[in-house]
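Me: I'm new to this one. Could you take a close look at the place where the two chains meet and walk me through it?

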Protein chains: 2
Amino acid sequence: MYTFPSPPPAVVPQTIFPRHPIFISTMALSCSRVSHQDQTDTTMPSPSPPFTTGLSVRLASRTGTLQTVTSGLAPTHLQANLIILPSRYASDFRLLCARNPVPCPLLAESSSPGSFSSLRSHLTSCSGVPVDVAADIDLRRDAPGYRVYRDGKLLSETEQRDIVAEWTDDHVGFLIGCSYSFESALSRAGLPPRHVVMNRNVAMYRTSVPLCPAGVFTGGTYVVSMRPYRSAEIERVRDVTRPFVQTHGEPIAWGWEGSKRLGIRDITRPEWGDVVLREDGKTVFREEEDGEYVPVFWGCGVTPQNAVMMAGLGGTVMGHAPGHMIVLDVREGGVFELE
Amino acid sequence: MYTFPSPPPAVVPQTIFPRHPIFISTMALSCSRVSHQDQTDTTMPSPSPPFTTGLSVRLASRTGTLQTVTSGLAPTHLQANLIILPSRYASDFRLLCARNPVPCPLLAESSSPGSFSSLRSHLTSCSGVPVDVAADIDLRRDAPGYRVYRDGKLLSETEQRDIVAEWTDDHVGFLIGCSYSFESALSRAGLPPRHVVMNRNVAMYRTSVPLCPAGVFTGGTYVVSMRPYRSAEIERVRDVTRPFVQTHGEPIAWGWEGSKRLGIRDITRPEWGDVVLREDGKTVFREEEDGEYVPVFWGCGVTPQNAVMMAGLGGTVMGHAPGHMIVLDVREGGVFELE
């Protein structure tokens, strides 16, 4: 059983945790929980009703009764990042995902331009049978919060409840996998990610690893999420996350050599999310290469959002508000070959 | 119409072309034509019979009447790199391809361990219908030449005619896409790759861009092929090669900035293949960033072979001899949305 040297405090005193500034320069954080600094976003969902299905989360979002982040809701159901583009960019974006499936795993998309309730799924069961992501879905209302960009500029820092007014017959929605699933699996395997234990946001970094370009989407690089583990745990961590093919799968790099290969300059300064801390409030990586933990890096759903923002697209681009994911009907066991 | 400043000589005098040493440290060159230094490999196929179908090439290889490289045979038919592994590595290799589809496009594989004539295709038509790669195929005999490695060591520099004796019930064969197809398309578009015009091998380079690891396959990096073009031609070159999704597709980087981002130290010293030359025998890139041409880089089929060799696998691993590809029934137009 995996344990930290001493159990983390149940309530984390704000004062002993020096917060690192969060640089939200992309359209939205991925499925990762948003920073504690954003009080609106971190309002935890009401404990009742207990959301046990993706549909219950979507309906509560659709009717406006759920306006919070979706972290922890409807366990074992896949949650998805949402990106909505003018149709003229759709084929290039689809190709971007196909060429970079680890950071940009495309789960489903509008079956045709303008379609917000009929989706074409790219998921299959372990035996290769196509799997629908959701039977009753409305991309305009089923995330608990949205962000809208016009000609590359965010219209408002406050998330919108829906995008019914902004959606046009020319829009195409894309659902991208997120790492909630494998975090649960790591916890079940006795390897809980440290930020989960500490109730913080996962640390995310820009890298120098180029994405394979696709049409208008050029110059992008991988964004990675990082979870610290002991060296002896890495092979087990790789094994546990490997089956989660459509939610980033196994790590793309680990250890200090891996960190250098990704071009990460300072592990204590993530571009998004929170610094990883010890129980005494100091960074896990204070001693760098002499410490007990080494960084382990996964492809991150911020990658395609970052690529979209870098492409400087014209027109109206939309996405879920940070942490306010669309929760699907499909469950982990239905699409991943789990142990 | 694309033209070089002056037409290349019909017969290239050996003396004016200073050959760069070729460092063949991987199991086999990809589908690219082999170097002129290897006289055995560069024996051009007899002009008769004219091979117009993949089956005719495979049957001639199977009966031993064709023992040469397959460059230019059965135009518009897909040609494939062949990698054969002990079954215990098959799922990791399949995952390596799935996570890195641009340099490692998996076309088909043995339908079960030991199967050399029944293949499971991963190709679909433009409308999504599964497409068989070949109706009558024998992975043990249908390449005009093979190489065999035992515990990571090449058994003989001389290629074998077949691997009937070495194939076991435990072997799994994989067919990986190659770039012959898009080279023809570039030529048809008036943008013939310079090495084709000069009748040389394409230049290939190791990069520092990490592959996404998969199981036993860790630490690999992209290998790229390079074709020089004028800056003004790059967008057209991207457009022409973009549809060839299963044969590396559009370039992954271009220009001198792109070259740096890939970690290429010296463009005049490719790790495999030939230096790109001007008509006077000097390198195209002699003047580096001041020259008329800039380098354009594509994912390369040497990548998975390199990853296999780096993994230090035990047992018997086999592949096609450099340039001696398996030619398939499927044609470009059947799987790519061409202009």
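Reply: Chain A puts 22 residues in contact with 22 residues of chain B, contact meaning heavy atoms within 4.5 Å. Bear in mind that this is a predicted model, where local features need pLDDT of at least 70, side-chain atom pairs count only at pLDDT 80 or more, and totals for chains, interfaces and linings use all residues. Residues are numbered from 1 along each chain as its sequence is written, chains are lettered from A and ligands numbered from 1 in the order in which they are written, and side-chain values use heavy atoms, with hydrogens and water left out.

Together the chains bury about 1,900 Å², 65% of it on carbon and sulfur atoms; that's the accessible area (1.4 Å probe) that two parts lose on being put together, summed over both. There are 10 residue pairs in polar contact between chain A and chain B, both residues at pLDDT 80 or more. A polar contact here is a pair of N or O atoms within 3.5 Å; within protein, one must be able to donate a hydrogen and the other to accept it, and residues adjacent in sequence count only if both atoms are side-chain atoms. Salt bridges across the interface come to zero, going by a side-chain nitrogen of Lys or Arg within 4 Å of a carboxyl oxygen of Asp or Glu.

On chain A's side, α2 (90-99) and β7 (203-210) each supply at least two residues, and α2(A) gives the most, with three. These are DSSP runs numbered from the N terminus: helices are H or I, at least four residues, and strands are E, at least two. The copies meet through the same surface, because 100% of chain A's interface residues are also interface residues in chain B.
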